Amino acid sequence: MVDTSHPAVERVRAALAEHGITPDITWFEVATPTAQAAAEAIGTTVGAIANSLVFTLDGEPLLVLTSGAHRVDTDWLGARLGGTIARASKEQVKEATGQTIGGVAPVGHPAPVRTVVDTALADYDTVWAAAGHAHTVFPTTFAELVRITGGEPSAVVGEDPAR
C-alpha cells in the first residue's frame with residue numbers, strides 16, 4: 001500500500017481547494033521525478049507532463065512550468081524576461097516552494113513565486129503536474145495552470161522551425 005499522506009501534498013491539496021479544484025491526486029509506488037518516468041507511469045505522452053522547474057531570475061525564484069517534451073532555453077527566456085536565469089540549488093528550490101526537486105507542484109508554496117507557464121502545454125487537453133512529492137501527480141489543464149499560479153503564458157524556447 002502506498003502511503004498517501006505527506007505535508008507538502010496536503011499543502012498542495014489545500015492550495016488547489018482554494019481555487020475550487022479537487023483533483024484526484026495519483027500516488028505511485030515508485031518516484032516519478034522525470035517527465036519520461038511520469039509519462040510512462042500515467043500512460044501519456046511526455047509533452048503532457050508539466051515539469052515544475054525552479055530557476056532564479058536575477059537572484060529571485062522563478063518557477064517555469066514547462067512541457068516535458070523540451071528543455072527551457074534559459075538564455076532565450078532570460079532575455080525575454082529581461083534578466084539572467086540560473087538553475088536554483090536544491091536548497092533554493094526547497095526554500096521557495098517548500099517542496100523537493102522531483103515533486104515540485106505548481107502551487108502550495110510558502111509564498112507566491114513568479115511563474116511562467118509554457119504555451120506548449122496548451123497543445124494537450126489534460127496536463128499532469130506533480131502534487132508536492134515525487135510519487136504524486138494530478139490532472140489539470142494549461143488554462144487552469146495559468147489561473148491557479150497567476151502565471152505568465154510564454155514560450156520557453158526560441159522559435160523552432162520544427163515545431
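**View 1. The pairing of D118 with S154 in strand β8 of this predicted model.** D118 has S154 as its bridge partner in β8. Strand β8 covers residues 152–154 and runs parallel to β5, to which three bridges join it. Two strands count as paired if DSSP finds at least two bridges between them. Strands (E, at least two residues) are DSSP runs, numbered from the N terminus.

**View 2. Strand β5 and its pairing with β3.** Strand β5 spans residues 114–118, and four of its five residues are buried. Buried means under 20% relative accessible area, exposed over 50%, and partly exposed in between (1.4 Å probe, protein chains only). β3 and β5 pair in the parallel sense, over four bridges. Opposite V116 in β5 stands V64.

View 3. V127 is buried, with a relative accessible area of 0%. Leaving aside neighbours within four places in sequence, V127 is in contact (heavy atoms within 4.5 Å) with residues including A48, A50, L121, F138 and L145. T141 is also among the contacts of V127; these two residues are 14 apart in sequence and 5.1 Å apart in space, C-alpha to C-alpha.

**View 4. D58 in the loop between β2 and β3.** The loop lies between β2 (49–57) and β3 (60–67). D58 has a phi near 50 degrees, a positive value in a residue other than glycine. D58 is exposed, with a relative accessible area of 52%.

**Notes.** Residues are numbered from 1 along each chain as its sequence is written, and side-chain values use heavy atoms, with hydrogens and water left out. In this predicted model, local features need pLDDT of at least 70 and side-chain atom pairs count only at pLDDT 80 or more, while totals for chains, interfaces and linings use all residues.
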